[in-house]
Amino acid sequence: MLFLLTTLCTLTRAEVIYVDDDVVGANDGSSWIDAFTDLQDAITVAQVGDEIRVAQGIYTPTQNAFDRDAAFELKDGVTILGGYAGLSGMYPDFRHTEFFTTILSGDIDHNDLDIDPNSRAGNSRHVVVCMDRGDTAVLEGVTISGGYAGNARTHNYSDGRGGGLYCRGGCSPQLVDCVFSDNEAGSGAVYINGGSHPVFTRCIWQDNYANDGGAICVNRSSYLICLNHCIFRRNVAARQGGAIYADIMGEVRMVNCLFVANKAGGSGGAISCNGSNDGTGRSVFNLLNCTFYGNTFPTFDHPPTNTVTQPDGSRVYWSDSVISNCIFYNEPSEMAVSIQFGRSEPLIITSIYEKELEPGHRRPIPPAHDVLFVDPYGNDGILGTKDDDLRPAPGSPVIDSGTNQTNPPLPAVDLDSNPRILNGVVDIGAFEYAGPN
Ligand SMILES: [Ca+2]
Ligand SMILES: [Ca+2]
Ligand SMILES: [Ca+2]
Ligand SMILES: [Ca+2]
């Protein structure tokens, strides 16, 4: 009996472990004053039920500048929360992920320069890894940056995949309010493999670069991958899937997501799907209330690795998919938005798009009306930055034009966290019109 009680107490023990990169206390994680300075130390001692609070700062997976294989590894039952003020703030427990940025960085050799891509060559292969973990492994409110899983397929199997996050095994972590930026890989800033089914909520991918899947690469995953209220901007794939490339046997489900200014050299400025549809490898994209704008065939900084003879704009390429209440759009002067189908046409429900009717025969059909966004380029005049406003302007035809009967059901809120249905009928796209500004 005593043994049982002891065991129960051990199992239900839940502690808060503190991490702050610039404190000089006892470094045992017991308080902000005595916080660990190294996030890896906190993860090592964390047990089921524990919460790790990480203050603003920059954290690398190792202190060894040559240990490229070291990575932060998510744990079942452990929640890692970034964005705390920490000891340098007036209230250490105050949390705001934009004011107090917690960066998990792959720059273990501390030499990254924006202007010199070679400065990343010595960085971590994966900043975060998740292997065979359940949905109680949680990472929330951190920026994952500077992962470098190779820049080409000259690297071995795991080397080239998932610069920011590498997920494999029966793994279903939850990632919330995370930013993936400036990661580089052969495949994906985030790489998902082997029956993994992670859930991403309010995450942002920006300025990531890969051969396939600038932001996310999904491979042979037989489970559901969920992306809710996520933003993809300025991600680049040299070959296919500027934001997402999927070669899957499963479903990628996206709700209220925004894709802006992503670029690919081969197929799919925004998304490319290479799933087979012969009954053995069924792959599905289920897109609900997503907005695609200005995802293009680029002028490359990095030359694509294969020869592409024709630019084809913002193409979404997949097989066997369902699309509801979505917008696919470009400037009239840009290469038309097109959808190229895989082996079967997606079921498209109340969406605004231009369509490629036959492989190899691009026949863009202009939308019946201009979509009328508030200000796609924003004040800085650059597409794909934070000030872009792809909300519907007054009079936009997307207002009250969607269908409320969707599968999956409509979420409670839109990408702004405002009510998803106003005026009785949901709008098309990621944002619900709430009246003139
Ligand atoms: Ca700090
Ligand atoms: Ca570096
Ligand atoms: Ca802008
Ligand atoms: Ca409405």
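**Parallel strand pairing and local backbone geometry**

Strand β22 and strand β26 (residues 263–264) run parallel and are joined by two bridges; strands here are DSSP runs of E with at least two residues, helices are runs of H or I with at least four residues, and both are numbered from the N terminus. Two strands are taken to pair if DSSP finds at least two bridges between them. The model is a predicted one, in which local features need pLDDT of at least 70 and side-chain atom pairs count only at pLDDT 80 or more, whereas totals for chains, interfaces and linings use all residues. Residues are numbered from 1 along each chain as its sequence is written, while chains are lettered from A and ligands numbered from 1 in the order in which they are written.

Strand β22 spans residues 236–240 and is mostly covered, five of its five residues being buried. A residue is classed as buried if 20 or more other C-beta atoms lie within 10 Å of its own, as exposed if 12 or fewer do, and as partly exposed in between, with C-beta atoms placed from the backbone.

An open sheet of nine strands shows parallel pairing in the order β3-β6-β9-β13-β17-β21-β25-β29-β32. Its edge strands, each pairing on one side only, are β3 (57–59) and β32 (327–329). From one strand to the next, the twist averages 10°; axes are lines fitted to C-alpha atoms, for helices over the stretch in contact, and angles run from 0 to 180 degrees between N-to-C directions. In this sheet, β21 (residues 231–233) and β25 (residues 258–260) run parallel and are joined by three bridges. Phe232 has Phe259 in β25 as its bridge partner.

Most residues other than glycine have a negative phi, and most peptide bonds are trans. Asn27, although not a glycine, has a positive phi of about 55°. This residue lies in the loop between β1 (16–19) and α2 (39–45), and Asn27 is partly exposed because 15 other C-beta atoms lie within 10 Å. His110 likewise has a positive phi, near 50°, and is placed in the loop between β6 (102–105) and β7 (128–131). His110 counts as exposed because it has 12 C-beta neighbours inside 10 Å. The peptide bond from Asn407 to Pro408 is cis, with omega near 10°; Pro408 lies in the loop between β36 (389–392) and β37 (421–422).
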